[in-house]
Amino acid sequence: MKKRIEQITPRLLTIGILLEVLVLVAAWLESGGAMTPFFQASARLSGRVSVLFFSVLMIYATLVPGFERGSKEYRTKYILFRDFAVIHIIHWFLLAASVYLTQFEILPIRLAGGVVAYVLVGVMPWLMTQASSSFALLTSVQASYMFWVWLVFTMTYTTRLSGSTPVHTGSPAAWWPFFIWLIGLIFWRSFMLLRQYWVTKK
């Protein structure tokens, strides 16, 4: 898995942009050209692209938890953090337009959680370009990043499945696989990190 991710990483941003273009086309066809449904659909579908990119990032960061400057792994991880930031910012613009057009009221606690997630998403690739960023700082931010961004994604699907988001589009048949995948992903990451911890303790 590690080698496969390293192989596709140089082309990942191009793949992501193409997927976002497909998202816009699919949203246009689904909405029939109506503005509000278009942005609702594009926000929903681009969110799935973000989940895909985040999943690749989390898998690699779990398999390669450290930060050895100058290594191939460090470069790969930087590209993964950077490309996810680009893709997720595209999602943010589409989501912001959807929220504005539907006049959906976001609870302050959910807004704060999303802001923290986006700060982490933007800061992490920048930190990796700074020579002053220590190993301890990068590993600490990475741990917070992985958990918090995962939590925001998971809570998004939790609120949809519970019916707490009245203006969403899509159906539970599509939400359940993403929710189950995210739950499985965090259990897998926890298991792998615990195993790495016990191996280093021996």
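In this predicted model, helices α3 and α4 cross each other in a left-handed sense. Helix α4 covers residues 108-128, and its axis lies 9 Å from that of α3, at a packing angle of about 150°. An angle over 145 degrees counts as roughly antiparallel, and α3 and α4 are therefore roughly antiparallel to each other.

With a relative accessibility of 0%, F81 counts as buried, because the term applies to values under 20%. Along the chain, F81 and Q142 are 61 residues apart, and their C-alpha atoms are separated by 9.9 Å. Another residue of α3 is L95. At 34% relative accessibility, L95 counts as partly exposed, a class that lies between the limits of 20% and 50%. L95 and I183 are 88 residues apart in sequence, and the distance between their C-alpha atoms is 23 Å.

Helix α5 comprises residues 135-161, 27 residues in total. From its first C-alpha to its last, α5 reaches 39 Å, close to the 39 Å expected at 1.5 Å a residue.

Helix α2 may be examined in the same manner. It has 29 residues, which should span 42 Å at 1.5 Å a residue; the end C-alpha atoms of α2 are 42 Å apart, so the two values agree. How many residues of α2 are buried? The number is 24 of the 29, so α2 is largely enclosed by the rest of the structure.

E20 and I87 are 67 residues apart in sequence, yet in space their C-alpha atoms are 8.1 Å apart. S31 also lies in α1. At 14% relative accessibility, S31 counts as buried. The C-alpha atoms of S31 and A41 are separated by 7.3 Å, while along the chain these residues are 10 residues apart.

A pair of aromatic rings is described by the distance of the centres and the angle of the planes. A search of the whole structure finds 11 aromatic pairs. In one of them, the rings of W28 and F38 have their centres 5.7 Å apart and their planes at 75°, so the pair is edge-to-face. This pair links distant parts of the chain, since W28 is in helix α1 (residues 2-31) and F38 is in helix α2 (residues 35-63), 10 residues apart. The two partners have separate accessibility classes: W28, at 47% relative accessibility, counts as partly exposed, whereas F38, at 12%, counts as buried.

A further pair is formed by F54 and F84. Their ring centres are 5.7 Å apart and their planes stand at 50°, so this pair is tilted. F54 lies in helix α2 and F84 in helix α3 (residues 72-102), so the pair ties together parts that are 30 residues apart in sequence. Both F54 and F84 are buried.

Two further arrangements complete the account of the aromatic residues. W28 and F38 belong, together with F39, to one aromatic cluster. Elsewhere, a charged residue takes part: K77 lies over the face of F67, at 4.1 Å from the ring centre.

Definitions and conventions. Residues numbered from 1 in each chain as written. Predicted model: local features only at pLDDT ≥ 70, side-chain atom pairs only at ≥ 80, totals over all residues. Heavy atoms only, no water. Phe/Tyr/Trp six-rings, centres within 6.5 Å; stacked < 30°, edge-to-face > 60°. Helix = DSSP H or I, 4+ residues; strand = E, 2+ residues; numbered from the N terminus. Buried < 20%, exposed > 50% of the residue type's maximum accessible area, 1.4 Å probe, protein only. Lys NZ or Arg CZ within 6 Å of the ring centre and 35° of its normal. Expected span 1.5 Å × (residues − 1). Axes fitted to C-alpha atoms, helices over the stretch in contact; angles between N-to-C directions. Parallel < 35°, antiparallel > 145°, perpendicular 65-115°, else oblique. Left-handed = near helix turned anticlockwise from the far one by under 90°.
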